[in-house]
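The sequence and the structure are shown first.

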Amino acid sequence: MCLGKRVVLHFVVVLLVIQFGRSSGQDITDQTSSLDMGSMRSMFHALRQWTFDFVGKTGLRTRGFFLQEKIPNELPFPCDVTLGRSERVPKSVHKLRPGDINVIAAMGDSLTAATGAAATSVRDLYMENRGLSWSIGGQWNWRNVTTLPNILKEFNPKLVGYSLGDSYPFHKESQFNMAEIGAVSYDMPFMAQSLVKRIRADPRVDFKRDWKLVTIAVGGNDICSFVCTMENPEDLPAKHRLRMTRALRYLRDNMPRTFVNLVSVPSVETVVSMKSKPSICNTLHHGECSCWVGKLYNQTDESRLRWHRIQDGMVQAEREVAQLDEFRRLDEFAVMYQPWSTEISLKMNGREVDHTLLAYDCFHMSQKGNAYAGTALWNNMLEPPGRKSTNWKPLFENFKCPTAKVPYIFTYDNS
């Protein structure tokens, strides 16, 4: 059997296991599968480990269209790092500076796992380049992997929790990156529990004293692959709101000194409906975003407009959840909605569509795209509510820095 067929066969087998293991009587995004049973996890891990070994690591590649341009060694880091760390550990999250963060973590789906960020073939898309992930990847440094952790490491070299390289969530290299491919918002409360357990057990972490930064980004699979199979699709924003609230409550009640970035998933319409899409991308989008692409669910312009409105409802739910009164005016917990992705555009760097920002499947982000996203998230953290950027920009174009006048990460209660 040829390589391509073996990879596709593996993908189909996993989908079948999930499909036939689902319980009945619930909307599809509320359902669990047989893979959620303890007895199945070891077998599933073994299957995924086989995939990992079969594909091989790809994230150490130093040449390719998917890479950002390296920042020359003679150019200094653009911020005065002495302004980014407090002399004493702050007692309030509203006095938190970037360098005060000792622990970084993330929850989400394949975008946070950096699926295919260094891919040059379909097979490579099965590798998760977590060390390159925009919100949690810490491979190399800010000069060639400009992610949020690599920026924060300039303010605090002792930062822990960032992913070290290619890995799946059960590998040590994943660290505090809890993202799972195929995850939906239903998974977030459980993922929050798993994250707290992992951080609490790590001997490097002073659980009560260390300040922690958690970035949550999920919803792409809900709106891409599941919304069209729901009995009542318009219920999805309300369900999303409830699930995110439960996850945030768990973090608030079980992990002291935590700041949460709540980030919207970019509009799927931006990538699945783009013009001049390579044929391989069009084929892959039939599986990655089947509610929008193809004929499996009788997709039409009207149905795509419907899903667009529902995703807008999910974004609005995220905005509202972040500002709920129960998460406000607390000393050791804050949630901030970061909107950098809500008006994201691929028209960049003099191109109508800059494909170098996208992975091989034109759906996930390339390493370069992850760098743009990491920088955009960093900028959002230093921008006050109501004046936050809603689109990514070329690296270091309008790069934000802490200042003597405004040295703190913005919350809803210090702006």
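Which residues are exposed on the other side of α8? They are S279 and T283, where exposed means over 50% relative accessible area, buried under 20% and partly exposed in between (1.4 Å probe, protein chains only).

## Basis of the description

The model is predicted: local features need pLDDT of at least 70, side-chain atom pairs count only at pLDDT 80 or more, and totals for chains, interfaces and linings use all residues. Residues are numbered from 1 along each chain as its sequence is written, and side-chain values use heavy atoms, with hydrogens and water left out.

Helices (H or I, at least four residues) and strands (E, at least two) are DSSP runs, numbered from the N terminus. Contact means heavy atoms within 4.5 Å.

## The two sides of α8

Helix α8 spans residues 279-288, and C281, L284, H285 and E288 are buried in it. Viewed down the axis of α8, the buried residues fall within an arc of 110°, so they line one face of the helix; the arc is that of the directions from the helix axis to the C-beta atoms. An α-helix has 3.6 residues a turn, so residues three or four places apart point the same way.

The buried residues of α8 pack against α5 (220-226) and α7 (269-272).

Two packed helices are described by the angle between their axes and the distance between the axes. Axes are lines fitted to C-alpha atoms, for helices over the stretch in contact, and angles run from 0 to 180 degrees between N-to-C directions. Helix α6 (residues 236-254) and helix α9 (residues 301-322) have axes that come within 8 Å and cross at roughly 30°. That makes α6 roughly parallel to α9, given that angles under 35 degrees count as roughly parallel, over 145 as roughly antiparallel, 65 to 115 as roughly perpendicular and the rest as oblique. The crossing of α6 past α9 is right-handed; a crossing is right-handed if the near helix is turned clockwise from the far one by less than a right angle, and left-handed if anticlockwise. On α6 the contact is made by L236, P237, H240, R241, M244, T245 and L248, and on α9 by I310, G313, M314, A317, E318, E320 and V321. By class, this contact has 8 nonpolar, 3 polar and 3 charged residues. Ala, Val, Leu, Ile, Met, Phe, Trp, Tyr, Cys and Pro count as nonpolar, Asp, Glu, Lys and Arg as charged, and the others, Gly among them, as polar.

Helix α4 (residues 188-201) packs with α6 at an angle of about 20°, the axes being 8 Å apart. The two helices α4 and α6 are therefore roughly parallel to each other, and α4 passes α6 in a right-handed crossing. From α4, M188, P189, A192, Q193, L195, V196 and R200 meet R243, M244, R246, A247, Y250, L251 and N254 in α6. These residues divide into 9 nonpolar, 2 polar and 3 charged.

## Packing of α3 with α10

Helix α3 (residues 148-155) and α10 pack at about 55°, with their axes 8 Å apart; α3 and α10 are therefore oblique to each other. In α3, L148, I151, L152 and F155 meet G374, T375, L377, W378 and M381 of α10. The contact comprises 7 nonpolar, 2 polar and no charged residues.

## Residues in the loop between α2 and β1

Q68 lies in the loop between α2 (38-55) and β1 (101-108) and counts as buried at 8% relative accessibility. Leaving aside neighbours within four places in sequence, Q68 is in contact with residues including W142, R143, K368 and L395.

P72 is found in the loop between α2 and β1 and is partly exposed, with a relative accessible area of 34%. P72 and R143 are 71 residues apart in sequence and 7.3 Å apart in space, C-alpha to C-alpha.

T356 is placed in the loop between β4 (333-338) and α10, and at 14% relative accessibility T356 counts as buried. Beyond its neighbours within four places in sequence, T356 is in contact with F65, F66, R351, S366, K368 and G369.

Most residues other than glycine have a negative phi. N298, in the loop between α8 and α9, has a positive phi of about 55° although it is not a glycine; N298 is exposed, with a relative accessible area of 62%. F396, in the segment after α10 (367-381), has a positive phi near 65° and is partly exposed, with a relative accessible area of 24%.
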